[in-house]
Amino acid sequence: MINKILLPYPVDALEPYYNKETLVLHYDILYTGYIDNTNKTEEKLNIARKENDLKNIKCLEKDLSFFGSGVILHELFFQNMGIPIPTTPNAQLMEQINIDFGSYENFKNQFTESSKVVEASGWNLLVWVPRFNKLEILQCEKHQNLTLWGCIPLLVLDMWEHSYYLQYKTKRGDYINAFWNIVNWNEVNKRWDKVVG
Ligand code: MN
């Protein structure tokens, strides 16, 4: 059984870049739904195992991947945003960004452009790939497709329409540009420190 995390800021803290109405719906309804559905799926899996009734196992395992990844990505997303004060990657992360993308501007440009072209409902992620020993940017479809196994998400952006449509309508680019104002690099730096620590 998993429980909801609390938002690390008041619901109007990301204004004007991410409005209260969008955040409340996103957190109270959508994120809560992923928590509930993950718990329900785990319960069904427990029953299936207990009763040795595996006829729905394909569906249940797929549900676990979808709902569970929905939980994980939303928590990373909510936590890697913050009040609009400037924060930056720490020295070590900036060094790695420079190695793998050439410059911070190049990284930001790739992340912006790839966010714009996420297909249908999905995400965009800056990840550390241990096997390749490098940072990569990955688009994600739904919550669980198109990953590299073992990668560690550092910065995630929700590109599902529910994340921007109320405020930005079809202007995906405006939403992504606004997002850069509320990225909480202090949180991303913590994730990075765990990678290198
Ligand atoms: Mn979402």
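The legends below describe close-up views of a predicted model.

**Figure 1. The three-stranded sheet.**
Strands β1, β2 and β3 make an open sheet in the order β2-β1-β3, with antiparallel pairing. β2 and β3 are the edge strands, each pairing on one side only. From one strand to the next, the twist averages 20 degrees. The strands cover residues 122-129 (β1), 134-141 (β2) and 152-158 (β3).

**Figure 2**
V129 has K134 in β2 as its bridge partner, and G122 stands opposite E141 in β2.

Helix α2, residues 57-79, lies across β1, β2 and β3 and runs at about 80 degrees to β3. Helix α7 also lies across β1, β2 and β3, but its angle to β3 is about 155 degrees. The residue range of α7 is 185-196.

Helix α4 is made up of 13 residues, 104-116. The buried residues of α4 are F107, F111, T112, S114 and S115. These buried residues pack against three helices, α3 (91-101), α6 (172-179) and α7 (185-196). They also pack against the strands β1, β2 and β3.

**Figure 3. The salt bridge between E113 and K116 in α4.**
E113 and K116 form a salt bridge in which the closest N and O atoms are 3.1 Å apart. Both residues lie in helix α4, three residues apart, which is about one turn of the helix. E113 counts as partly exposed because its relative accessibility is 38%. K116 is likewise partly exposed, at 35% relative accessibility.

**Figure 4. The salt bridge between E187 and R191 in α7.**
A salt bridge links E187 to R191, with 3.2 Å between the closest N and O atoms. The two residues are four residues apart in helix α7, so about one helical turn separates them. E187 is buried, with a relative accessible area of 17%. R191 is buried too, with a relative accessible area of 9%. The cut-off for buried is under 20%.

**Figure 5. The salt bridge between D53 and K55.**
The side chains of D53 and K55 meet in a salt bridge, at 2.9 Å from N to O. D53 counts as partly exposed, at 30% relative accessibility. K55 is exposed, and its relative accessible area is 66%. A search of the whole structure finds four salt bridges, among them those of D53 with K55, K116 with E113 and E187 with R191.

**Figure 6. Cysteines C140 and C151.**
The structure holds zero disulfides. For C140, the closest cysteine sulfur is that of C151, 9.2 Å away and therefore too far for a bond. For C151, the closest cysteine sulfur is in turn that of C140. A disulfide would need the two sulfur atoms within 2.5 Å. Both cysteines are buried: C140 has a relative accessible area of 6%, and C151 has one of 17%.

L45 is found in helix α1, which takes in residues 20-50. L45 counts as buried, at 4% relative accessibility. Leaving aside neighbours within four places in sequence, L45 is in contact with I57, L60 and L64. L45 and K62 are 17 residues apart in sequence, and their C-alpha atoms are 11 Å apart in space.

Technical notes
Residues numbered from 1 in each chain as written. Predicted model: local features only at pLDDT ≥ 70, side-chain atom pairs only at ≥ 80, totals over all residues. Heavy atoms only, no water. Expected span 1.5 Å × (residues − 1). Buried < 20%, exposed > 50% of the residue type's maximum accessible area, 1.4 Å probe, protein only. Contact = heavy atoms within 4.5 Å. Pairing = 2+ DSSP bridges. Axes fitted to C-alpha atoms, helices over the stretch in contact; angles between N-to-C directions.
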